Amino acid sequence: MINNFKISDKELLTTRNIIFRDYGIPELEKNGYIKSPFKTSWFGEYDANISGYSYELCKLTDQNQLHFINVTIFNGEKRIKISLNIFELHQELNSILALKDCDGINFHLPPNDSTTMQLRSDDYKGPPLFYMLFLPEYKIGSYKTQSSFDKQVNKLSDLVKKDMTNIDFFVKRWHELHRPNLTDNEGNIVRKL
């Protein structure tokens, strides 16, 4: 019996966006992350330049560190790309909202992007072949029927929710791999640490 079950790229894009919006964002908000205050950030709007959606969430810690969670969901693929980067701000801030008039683009340009860690990709220890074959990733896996597609959607939803609930695990792993650059409020490096 030939199975003709298909999901369009547009439906896959919408499904992955809904998964992150409904399962990832609420858990990040519980962990103190908010929509990025920078005037240049995107938050869930469809962007024709990347043919997909992007989100930027931030958190200011008691140690005056600025945590970035960037998410991109591209049309034509099955993945959700979630990355983490951390900076130490040169000027102490009372609130993350003090950054609302700043242009945060420099936080994402070289050399600042060299410390970006993609979750469930850049943070594994051991041989890459092992985690590429056996460990979960943020993608909708193989499906041939509506029920197997629904199962893959539920699996991805559970993984996104679990990981965003436990984002501090990834923050700890980031600190094992990198040291935060000292920057001004616009992301210009004051000193590499």
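**Pocket, helix pair and backbone features**

The largest pocket has a volume of about 460 Å³. The model is predicted: local features need pLDDT of at least 70, side-chain atom pairs count only at pLDDT 80 or more, and totals for chains, interfaces and linings use all residues. Residues are numbered from 1 along each chain as its sequence is written, and side-chain values use heavy atoms, with hydrogens and water left out.

**Largest pocket**
- Its lining has 26 residues, and S54, E56, N70, T72 and H108 are the closest to the centre.
- Strands β3 (52-60), β4 (65-74) and β5 (81-89) each give two or more residues to the lining.
- By class, the lining splits into 11 nonpolar, 11 polar and four charged residues.

**Helix pair**
- Helices α1 (residues 9-30) and α3 (residues 146-165) have axes that come within 8 Å and cross at roughly 30 degrees.
- α1 and α3 are therefore roughly parallel to each other (angles under 35 degrees count as such).
- The crossing of α1 past α3 is right-handed.
- On the α1 side, the contact (heavy atoms within 4.5 Å) includes L12, I19, F20 and Y23.
- On the α3 side, F149, V153, L156 and M164 are among the contact residues.
- The contact of α1 with α3 has 10 nonpolar, four polar and three charged residues.

**Backbone features**
- P110 and P111 are joined by a cis peptide bond, with omega about 0 degrees.
- P111 sits in the loop between β5 and β6 (117-118).
- N64 is not a glycine, yet has a positive phi of about 65 degrees.
- The loop between β3 and β4 holds N64.

Note on methods: Axes are lines fitted to C-alpha atoms, for helices over the stretch in contact, and angles run from 0 to 180 degrees between N-to-C directions. Helices (H or I, at least four residues) and strands (E, at least two) are DSSP runs, numbered from the N terminus. Angles under 35 degrees count as roughly parallel, over 145 as roughly antiparallel, 65 to 115 as roughly perpendicular and the rest as oblique. A crossing is left-handed if the near helix is turned anticlockwise from the far one by less than a right angle, and right-handed if clockwise. Ala, Val, Leu, Ile, Met, Phe, Trp, Tyr, Cys and Pro count as nonpolar, Asp, Glu, Lys and Arg as charged, and the others, Gly among them, as polar. On a 1 Å grid over the protein atoms alone, a cavity is a set of points where a 1.4 Å probe fits but cannot get out, and a pocket is an open set with protein on both sides within 12 Å along at least five of seven lines; lining residues have an atom within 4 Å of a point. Grid points are joined across faces, edges and corners, and a volume is the space filled by probe spheres set on the points.
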